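Dear colleague,

I am passing on the structure below, with notes on what I found when going through it.

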Amino acid sequence: MSKSEVIHTDILIVGGGVAGLATAIHLADLMAAGNPQEAGAALPWKILVLEKGSSIGSHTLSGAVINPAILKELLPEVDPKDYPFESPVTKDDVYFLTPKHALRAPFTPPFMGNHGNSVVSLGKMTRWLAEIAEKKGVQIYSGFSVSEMLYENGHVVGARTIDTGVDKHGKPMDNFQAGDEIRAKITVLAEGPRGSLTRALCRKLKLDEKSNPQVYSTGVKELWDLPEGTFAAGRVMHTLGYPFEFNHFGGGFVYGLNGRQVVVGIAAGLDYVDPTFDSHAALQIYKTHPMIAKILAKGKLLRYGAKTIPEGGLYSLPQLYHDGVMIVGDSAGFLSMPSLKGVHLAIESGMMAAKTALEALQKNDFSSKQLSLYATLFEKSAAFNTLSKTRNFRAGFGYGMILGVFHFAMQILTGGRGITPSGRMKTHEDAACYKALADVQKPFCKKFAKELVFDKQLTFDKVTDVYFSGSKHDEEQPCHLRVLDFELCRNVCIPKFGGPCQYFCPAEVYEIVTDPKTGKKDLHLHPANCVHCKTCDIKDPFGNIEWAVPYGGDGPEYENL
Amino acid sequence: MAKKILVAVLRTSRAVQSKESMGLKIITIMKQVPLPTEMRMGADGLMDRTKAKSSINADCTFGLEQGLQIKKHVPDAELIVVSMGPTSFEQSLKKALAMGYDRAVLLSDRKLGGSDTFATGYAIASLLKKLGFSKDSKEPFIIFSGRQTTDGDTAHVPSQTAENLGIPQATFVEKVEYKGDHLKVRRIIEGGYQVLKVPIPCLISIAPTATPARRPSLKGAIRARSTKTEIWSLDQTGADASVVGLSGSPTLVSKVVDIQKNRPAVNMISGHEPKDLADTLVAEIEKIKDSMGGAHGGHEESDQKNDAVAAKADVDFPRVDFRKDARGVLTWIEMHGDTPARSSLEILNPARKLADQLKTQVTAVITGHNIKGVAAEIIAYGADEVVVVDDPRLKEYRILPLAAVLTQWMEHKRPEIALFGATTSGRELAPRIASRVHAGVTADCTSLRIGEYAHRMKKTIFYPVLESIRPTYGESKLATIIGFWCPQMATARSGTFKILPKDLSRKGTVREFTPTFRDSDFCVEVLETKREAGGGDNLFVADIIISGGRPAGDHDDFKLIKDLVQALQERGINADWGASRHAVDNGYAPYARQIGQTGKTVRPKLYIAVAISGAIQHLAGMKESGKIIAINQDPQAAIFRHADFGIVRDYREVLPELIAKVKAGFTFGLAAGK
């Protein structure tokens, strides 16, 4: 039992989110179509989906307002009235917030219109997709973390699940369970934003060498229960301004779901300069704005969660394939920023990867050359068109909201060209954007010190919010937040930047403690709080934190987020 | 001739081999339970399992892991997981298969609905017998189980299954070594542990201090998906349908009420300097001073209230005294060395009260060796008659000879009520006896009284019924359990009943009883018994308990905690200190001071948890305290969700401030006492 035999599959999909499931469903459909047997017959090739969350959807978090058209493409046989949507968008407004007031934009900014779209809970939708996929013969296992890719002669040949029953120092304990080696002809990475395998793969094979650095936002949201009639299902509200500075790309949103529930959240660009900016705190402050506070006045917090959003767009996509491997969805960066939508692109990318996989299976050729079909399909796709029109959107906002709006206006006029000779604007690595704490005139933590007293009715401290994420982790395991060099924290990061990790982490994983005797500051970790958002992996100023997968089944328990 | 010998030799060697490893079967019995957050009950007082999300009962995961641990030493052992319940239990059986079990068997039958532990033990044993496992089996087997379930909390089913199979048992076990034809196990007892040599076949229930369950492997999960769960009906097991289900069970739940003691949300004490924290805490405690001085958080108060409102039937059915010729209240006096166990003295209190109400006698059975001198003391604490069973083989507690003694006495004397202290011994002995004498038993009661019961189906009022009242469903409800079989058996939670004042002028009779034993009653050997002296009994009566977790040992070996205790004692407060299991495991405190599920359950007026994370097992031992103050550096620590006041800070900064406050006269709102 200790010596692990190998698990064989034809297709291994890492990640049971929308992108992974869309890949699986479409591939199963294509296989069935090319293999006209009676329904229910086994698929000619095996498709295995692994999800690290305890169940499908438990790590899924999104806005989410989606365009139903894409589901018609993925699931032509399903009647749209069976879609697990909350509500069609009934009202769609954009507001500009000052600290005390709200101005409604007289028109919806381009690409932000949501007419004909629907408000969904992405968690609910993934659960629904998983059921469909299983009916189509896809094997889905949740609660399994994949910690490593397997290579042979530079080809990806599968992956391996994490060893469990290991103590904090990495020593096997009595209940040690070795991870399993999975051999696959094609491994599809659908890990969501900033996937740990995707990142290692891109580094090893230099897949993102020619791309702009990926830039991210962190989305932080809460699910609330409100008295009947407070906020209509299907009502969508986006806000700009407060509490964001003009030089900070970010905004807020309130969506009405069914059953009296609303989601309220913010998305904050991670290219900010102030090391004390705190997205969780920003959400709390946002909720105290009179317009938002009024909506939530008689409500009750139900859930909390956070996740990063890859916003670099077209120019930040890595090479999407290599020998034996393809990258889909948020892992690759398929997200259209101005419309705040990634779900339809995730599905589209999954479907293209599925087409590519089928052809590769038929030809029994899994080389990079064969899989380049994925990129070819993409270049001819609607997804490409969408991303192309807004290809410089996020880069344009790299200089703040005012310049950003100007850049964006120019891009609309030119069909997406950036104002540079090449038409391609650069983004900067989020981690490199910090100013030293001493150079920040009014740090976020000081500016809002007054607002950052939490009343536990409307506003909540981080730890309380983490409780509402349902996150839990086995205490007996190596820390899955790998701090590469603690000396760097103590001697450079804390003195210069004041320990930004304690602010950027929306789950209080990182704590800066002061020794009462010596007054020396040090970093303490609480990995059990982690909500798997990956902000630390992105925004540490020295790239000193590596996010690795903990045991499968650990992490948040999102419901309806 | 030579050939014959050879065959004989082969046969023996095969027999030896088979005894040791060949064909070893490891069976783990397991239950699926609703997640604690999902517990709710149907109108009938039974668990509503239809809507709740469920998982494997926490203790059962330890049982499952123990089976896998044995398999490390016996690689060709077959692992079988067995459960009883609705087909939705398949979900948990699959998980056991994914962990590495080879076979899953589910006994599922509507006729079993409403079964109590007696009926459950019987039904599971019937299934196991049908699967080929009983005391007469040729093939060696070991049965593991969890200690108890979170929805029943009785710890009865392991004992009752073993009794029905006729095999030896060890419960509350936290360590198992496989030794071929026997197991060497370490069993938790009050204040220490016992090391036992238990022959195979046997049943072992595993405490949650054993090796935690492994995660399923992907390979295991894939295999589990293609392994079919075998589903058995009751008829297939050959069990007698008349002794299972609601109607066949000797106990029934007559009433369930919510326990009204929702601790309000924690008041987190804020402040920048440790002194600010201490000042704020003092100010906050000043505000609630009046509610601090009250009684212990326990049930004693409600106990008296309950007495006043014992159920009176509200219908006009004929009244039937169901006891036939059974009379008298029996208790068992457990000896810890030369002295009776505290819990055994405690149960003399309810025994006395019930006997007075029923106008009958309290008979106490003492078992041990050279114990006659104890009889007078037992009378002084409330017994009318003491039965001394003196035998050198009874010097150490062992379940099988004790079951023989008490069963024979009960069959001989037919008591109407039999009470046991809910020690680890009482909690395994009472159910084993109950299965043998066909009686119902209620676990871990906090209140006992006499009432009557209107049986609407039988249109009869039964009286005088023992109402055994116990917290259940994670201590969120109080259930009243009754039955119409004699003896009506119950175990009483330690620390719940006050020991009656010792009255040396009380008169009583002392007699001896010599039971007949079988050799097999002594098949389990006690290799070692370790019990800490001191016992930590003051923890049951202390007004303030300050407990430390492992960090409190790591940093200063509990010095600050002990200093605070001493400062309080100097102010005339009965303060004492306790420890978490981790601290005890690390040698910072004797086991006698361990607070928690496997240690002591305490209910002081104030409990101060210092550097304790608040693991469920610890909470179980202190959550009924009057007020709780938690001091922990980790704001995420679960303890804060169960505390009245929380201080997020290193205790080394906070305790010196509190000690100074106490020295200056602050006593947490409590008056200096006796």
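Leaving aside its neighbours within four places in sequence, A:Gly498 is in contact with A:Pro275, A:Thr276 and A:Leu437, where contact means that the C-beta atoms of two residues, placed from the backbone, lie within 7 Å. This glycine sits in the loop between α16 (486-497) and α17 (501-504) of chain A; helices (H or I, at least four residues) and strands (E, at least two) are DSSP runs, numbered from the N terminus. A:Gly498 counts as buried because it has 20 C-beta neighbours inside 10 Å, the definition being that a residue is buried if 20 or more other C-beta atoms lie within 10 Å of its own, exposed if 12 or fewer, and partly exposed in between, with C-beta atoms placed from the backbone.

Please bear in mind that this is a predicted model, in which local features need pLDDT of at least 70 and side-chain atom pairs count only at pLDDT 80 or more, while totals for chains, interfaces and linings use all residues. Residues are numbered from 1 along each chain as its sequence is written, and chains are lettered from A and ligands numbered from 1 in the order in which they are written.

Chain A also holds an open sheet of seven strands with mixed pairing, in the order β6-β5-β15-β16-β17-β14-β18, two strands being paired if DSSP finds at least two bridges between them. Strands β6 (102-104) and β18 (300-310) of chain A stand at the edges with a single partner strand each, so one side of each is left without a neighbour in the sheet. Within this sheet, β5 (residues 91-97) and β15 (residues 235-241) of chain A pair in the parallel sense over seven bridges, and A:Phe96 stands opposite A:Leu240 in β15(A). Helix α5 (residues 279-288) of chain A lies across β14 (216-225), β16 (250-256) and β17 (261-269) of chain A, running at about 130° to β17(A); axes here are lines fitted to C-alpha atoms, for helices over the stretch in contact, and angles run from 0 to 180 degrees between N-to-C directions.

Helix α3(A) is worth a look as well. Its buried residues, among them A:Trp128 and A:Leu129, pack against α1 (18-33), β8 (139-142) and α8 (343-363) of chain A. The helix is followed by A:Gly137, whose phi is positive, near 100°.

Between the chains, 21 residues of chain A are in contact with 17 residues of chain B. On the chain A side, the elements that give two or more residues are β11 (164-166), β12 (172-177) and α15 (462-469) of chain A, and the largest share, three residues, comes from β12(A).

A cis peptide bond joins B:Ile200 and B:Pro201, with omega about 5°, and B:Pro201 lies in the loop between β9 (192-199) and β10 (202-206) of chain B. Another cis peptide bond joins B:Tyr463 and B:Pro464, with omega about -20°, and B:Pro464 lies in strand β23 (residues 460-472) of chain B. B:Phe172, a residue other than glycine, has a positive phi near 55°; B:Phe172 is placed in strand β7 (residues 169-178) of chain B and is buried, with 26 other C-beta atoms within 10 Å.

With best wishes
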